[in-house]
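Subject: A structure to look through

Dear colleague,

I am handing over a structure for you to look through, together with some notes on what was found in it. Please keep the display open while you read, so that each residue can be located as it comes up.

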Amino acid sequence: MRKFLQSLLSAWIIRMSNKFGSNPNRKRIHEALNKLYETINLSPGKRGLIFEVTDTDKFIILSDQHKGARDDADDFALAEKNYLRALEYYSQQDFHYINLGDSEELWENLLESVIKHNKETFEAEKAFIDKNHFTKIFGNHDLYWDNDPLSQFNLKRIYGEVIRIYEGAILRMTVKEGKLDIFLTHGHQGDLQSDGNWSSKWFVSTIWAPLQSYLQINLNTPAYDNQLKTVHNTLMYDWVINQKNIALITGHTHQPVFASLTHLERIYLKLNKAKEEKNATDLAFLNAELHKRIKEGDKAPLFGKYKPGYFNSGCCCFSDGDITGIEIADGFIRLIKWSYHKNNIPERILLEEMKINDLSDLNLFDG
């Protein structure tokens, strides 16, 4: 039956996906981001929260776990150990955890199966809820949390209490030049397939995506198409360079970006420095990391005019089990990685960091 339906429907599904799916468009993306940012400011708590950040507040932003059913298609399975250790660390350090979307892979799996196979990770997340340090934002692969009438019932089953689901958040802080808003959202805004009205989003999450999964039709999305995710990151950056006093953090593309440069681009910069300094140790390490990132499919966006206001948390389902995220603490913003090291024990690795105040020094406030 599946093969028959594949032959009958595949061409139509691919054609419709190309027409309505993840096709980044500057106008759509900019309008959607503007609307969400304005809505959060005008009606805090409706589509997103505003946090007035003090010097003692600490945040960890992780996205794109894509928790599945522990089958061959479960991208999260290899990364679970790193994720659990990271959450243990951040809970102990009293961080506020912002889950930036696509936490559950509900395009490919039934919710019951995801719940059954991820009890330990849900318990680790619940530790933040118990301290009122958890903010859950939906993405395109877990749209269910935003549009299904039973979502609150199932969230209570998972976490033991009802929690609100948001589309974004704003971290508002004081810097040298005045107020800085760090605007957070998953990053699928402007995608016609998953950013339409309630009925279209219900159709995608309840009918369209399961149909694609059943027919085993592999459609390109920003998460998996290297060229498309580079274009999508560039359009997100293109939005933030036209804003004043705003930095942007998204997920969605699975491509870590720090201060508007991908990790790959920063490796090239460090390689040049290591060559100039004739640092053999750094050269060996950076060349190995470069080959690894290229093998993973990373490409370097051409952002043109440079401002450091765009960040991407990457994902928690890299094929080697690594996870990446963004930390905000102690006056710094940091790109971090949790990776398996000696004896297969998860280890936190600092990839990049800069002072929040330096954002204003680097022309973020010029508009």
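**A salt bridge with a buried partner**

D74 has a relative accessibility of 8%, and because buried means under 20%, D74 counts as buried. Please bear in mind throughout that this is a predicted model. The partner of D74 is R70, and the two form a salt bridge in which the closest N and O atoms are 2.8 Å apart.

**Other salt bridges**

How many salt bridges does a search of the whole structure find? The search finds 18, and a few of them are described here.

One of these joins the side chains of R47 and D146, with a distance of 3.2 Å from N to O. This pair links distant parts of the chain, since R47 sits in the loop between α2 (26-42) and β1 (48-52), while D146 belongs to helix α6 (residues 144-147), 99 residues apart. R47 itself is partly exposed, its relative accessible area being 23%.

Another salt bridge is formed by K131 with D94, and here the closest N and O atoms are 3.8 Å apart. K131 is placed in the loop between α5 (119-129) and β4 (134-137), and D94 in the loop between α3 and β3 (96-99), so the pair ties together parts that are 37 residues apart in sequence. Both partners are partly exposed: K131 has a relative accessible area of 34%, and D94 has one of 42%. There is also a network, in which K67, E104, E125 and K136 are joined into one by salt bridges that share partners.

Which residues form a negative surface patch? They are D71, D72, D75 and E108. Of these, D71 can be found in the loop between β2 (59-62) and α3 (80-92), and with a relative accessible area of 39% D71 is partly exposed.

Is S151, which has a relative accessible area of 5%, buried or exposed? S151 is buried, and its place is in helix α7 (residues 151-159). A polar atom of the S151 side chain lies 2.9 Å from the backbone oxygen of D148.

A274 has its place in helix α10 (residues 263-277), where at 4% relative accessibility A274 counts as buried. The C-alpha atoms of A274 and A284 are separated by 9.7 Å, and these two residues are 10 residues apart along the chain. D282 lies in helix α11 (residues 280-296) and counts as partly exposed, at 36% relative accessibility. Between the C-alpha atoms of D282 and L271, which are 11 residues apart along the chain, the separation is 7.8 Å.

How values were computed. Residues are numbered from 1 along each chain as its sequence is written. This is a predicted model: local features need pLDDT of at least 70, side-chain atom pairs count only at pLDDT 80 or more; totals for chains, interfaces and linings use all residues. Side-chain values use heavy atoms; hydrogens and water are left out. Patches are made of residues with over 30% relative accessible area and no salt bridge: like charges are joined within 9 Å, nonpolar side chains (Val, Leu, Ile, Met, Phe, Trp, Tyr) within 5 Å. Accessible areas come from the Shrake-Rupley method with a 1.4 Å probe; for residues, only the protein chains shown count as cover. A salt bridge is a side-chain nitrogen of Lys or Arg within 4 Å of a carboxyl oxygen of Asp or Glu. Lys and Arg count as positive and Asp and Glu as negative; His and the chain ends are not counted. The place of a charge is taken as NZ of Lys, CZ of Arg, CG of Asp or CD of Glu. Helices (H or I, at least four residues) and strands (E, at least two) are DSSP runs, numbered from the N terminus. Buried means under 20% relative accessible area, exposed over 50%, partly exposed in between (1.4 Å probe, protein chains only). A polar contact is a pair of N or O atoms within 3.5 Å; within protein, one must be able to donate a hydrogen and the other to accept it, and residues adjacent in sequence count only if both atoms are side-chain atoms.
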